[in-house]
Amino acid sequence: MSEITPSQTVGPFFAYGLAPHSRCEWRPEQGKDIYDWKETAGANLVTPDASGTKIRIEGSVFDGDGMPINDAMLEIWQADAQGRYAHPRDSRTRPNTKFMGFGRSATDKSGTYSFDTIKPGGVPGPNGKPQAPHIVFCIYSRGMLRQVYTRLYFPDEAANDSDPILGLIPADRRGTLIAHREGRSELPVYRFDIRVQGENETVFFDI
Amino acid sequence: MTLIFPKESLSAFPKHLTPDYRSTVKRSPSKPLIIIPHTLSELSGPVYGHDAVQGGDADLTKQHKGEPLGERIIVHGHVLDEDKRPVPDTLVEIWQANACGRYVHNVDQHPAPLDPNFTGAGRAITDKKGYYRFITVKPGAYPWGNHHNAWRPNHIHFSVFGHSFLSRLVTQMYFPGDPLFPFDPIFNSVTDEKARQRMVSSFDLENTIPDWALCFRFDIVLRGREATPQDTDKH
C-alpha cells in the first residue's frame, strides 16, 4: 500500500507564490502588474546559449461550459533542440547547458497563456522507437484536485505518424494534441488551446 | 538506482470529479484518460539547484520592514520517496494566507486586513537528508463561496518537484485538530482516512523554540520507488 502524500488543488491564489511575474493582474497594489518576488520559472524558457528555432506557444484554457479558465497555471517540460533533457536520467552530452526546458505561465483574465521557447527535437521513446518532437504540459487550477498531464505536438511533422504515444490515442481525439501554426511573422507561433472537459476535450494521460 | 512510478500509488489521490467541491464539476475531464508508458519525457523533470533559493526565502517573517502579525511558527519536515528514502536537493515552494486568513490577491476581497509585513510566499531546497524548514505565521481560516457558511481550514499550500515530472506534487498542509475538517470538501476529497491524515502536520514540541515559536512537522512522500528485479523484467 502506497503512502504518498495526496494531491490538493493549487487553488485560486497561487500567483504570488508560483507565478509572480506571469500575466498577473491579481496584485492588490495599484500600478504594479507583477509581484515583487523572484520567479522560480517563468514563461520565457529561451537562454542565450540555446540553439535551435525560437517559437512562441499561445493558447487558452476552457472549462466544460467553454468558459475561459482565468486562474489556471500551466507548466511545460521539454527537451532542447537536439532532443536532450536537462536531467540526470538523460546521460547524453548537452550543449545547451543553461537551457532547462521548464516553464510556468498563469492564465490571464481571458484564460490565455503563452510561452517563448525553443522547438524541441525528437526524443528517445520506448523500445528504442523515437518520439516525435513534443512538449509535456501539466495543468493546475482551482477546481482541479490533481494536475492533469497532456502533450503538445507540432503540425507538419512526419514523425507524428509513427509516434508511439500518438498511436495510442483514438484517431478522432488525436487532433486535440496537435498545435496549429499561426501567423507569418519571423517568430513561429503555435496555438494550443486546452479544453478541460466536454466537446473536443483535450486528451489527458493516465500516467 | 532506477526509480519507477507505479500508478497504483495514485490511489490515495482525490478523484478529478468531486461534486461536493463545486468547481470540479466543470473542470474535471469527462472522457477516459489515455494510458501511456512512462518515457524519458515523463521520467525526467526540472532540476533546481541551490541557486534557485536566496537567503531569507524560507523565512516569511523577514521579507518586509517589520514583522508580520500573528502566531510565529516553524514548519519543517523531510521530503521522501515511496521507499522512505530522502529526496535531496529538491525545490519546495509554499504560499499561504496571512494570520487573518487574507491572501495578497485581488480575487480575495473578504473583509480581513492585509498585513503590509507579510506576503506569504516562501521557498527552500531540501538538504542531503531531504530536510526543509520554513519560518512563517500560522495562516487564518477564511470563508469561500462553495456552499453556505463555507470556511477553509487553516492550511499552507505546498509545491514539490522530486525526481521526475511524475513525482510533481501540489498539495496543502493542514494543522492538527482543526474543527473545520468535517466540513471541508477539499480536505475530504481524499476519501481514505489514513491518506487524509498524511496531509495534516503534527505538533512538534521537541523542536518548538521556547519563548519564540511553536513547531509543526510535515513530512511529504512523493511518487517513486526503486525498481525490483521483477519490475525490471517487465521492460
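Which strand of chain B does β12(A) pair with, and in which sense? The partner is β2 of chain B, residues 34-35, and the two strands run parallel, joined over two bridges. This is a predicted model, with an ipTM of 0.96 and a pTM of 0.96.

**Where the chains meet**

- The contact between the chains involves 63 residues of chain A and 68 residues of chain B.
- On the side of chain A that touches chain B, the elements giving two or more residues are α1 (15-18), β5, β7 (134-141) and β12 (205-206).
- Among these, β7(A) provides the largest share, five residues.
- By residue class, the side of chain A that touches chain B holds 35 nonpolar, 18 polar and 10 charged residues.
- β12(A), one of the elements on that side, is also the strand that pairs with β2(B) in the parallel sense.
- Within this strand pair, Phe205(A) is placed opposite Ile34(B) of β2(B).

**Build of chain A**

- Chain A contains two helices and 12 strands.
- Read from the N terminus, the order of its elements is α-β-β-β-β-β-β-β-β-α-β-β-β-β.
- Chain A is as compact as a globular protein of its length, because its radius of gyration of 17 Å is close to the 17 Å that the globule rule gives for 207 residues.
- Along the principal axes, the C-alpha atoms of chain A fill a box of roughly 50 × 50 × 40 Å.
- Of the 207 residues in chain A, 48% are buried.
- Among contacts in chain A with a sequence separation of 6 or more, 68% join residues 24 or more positions apart.

**Confidence in chain B**

- The average pLDDT of chain B is 95, and 97% of its residues score at least 70.

**His110(B)**

- His110(B) sits in a loop of chain B, between β4 (91-96) and β5 (121-125).
- His110(B) counts as partly exposed because it has 13 C-beta neighbours inside 10 Å, and a residue needs 12 or fewer to be exposed and 20 or more to be buried.
- Beyond its neighbours within four places in sequence, His110(B) is in contact with Arg102(B), Tyr142(B) and Pro143(B).
- Trp212(B) is 102 residues from His110(B) in sequence, and their C-alpha atoms are 30 Å apart in space.

**Loop residues with positive phi**

- Asn127(A) is not a glycine, yet its phi is positive, at about 55°.
- Asn127(A) counts as exposed because 8 C-beta neighbours lie inside 10 Å, and the cut-off for an exposed residue is 12 or fewer.
- Lys84(B), also not a glycine, has a positive phi of about 65°.
- The loop that holds Lys84(B) lies between β3 (72-80) and β4 of chain B.
- Lys84(B) is exposed, because the count of other C-beta atoms within 10 Å is 12, and a count of 12 or fewer is classed as exposed.

How values were computed. Residues numbered from 1 in each chain as written. Chains lettered and ligands numbered in written order. Predicted model: local features only at pLDDT ≥ 70, side-chain atom pairs only at ≥ 80, totals over all residues. Helix = DSSP H or I, 4+ residues; strand = E, 2+ residues; numbered from the N terminus. Contact = placed C-beta atoms within 7 Å. Nonpolar A, V, L, I, M, F, W, Y, C, P; charged D, E, K, R; others polar. Pairing = 2+ DSSP bridges. pLDDT = per-residue confidence, 0-100. Rg over C-alpha atoms; globule rule 2.2 N^0.38 Å.
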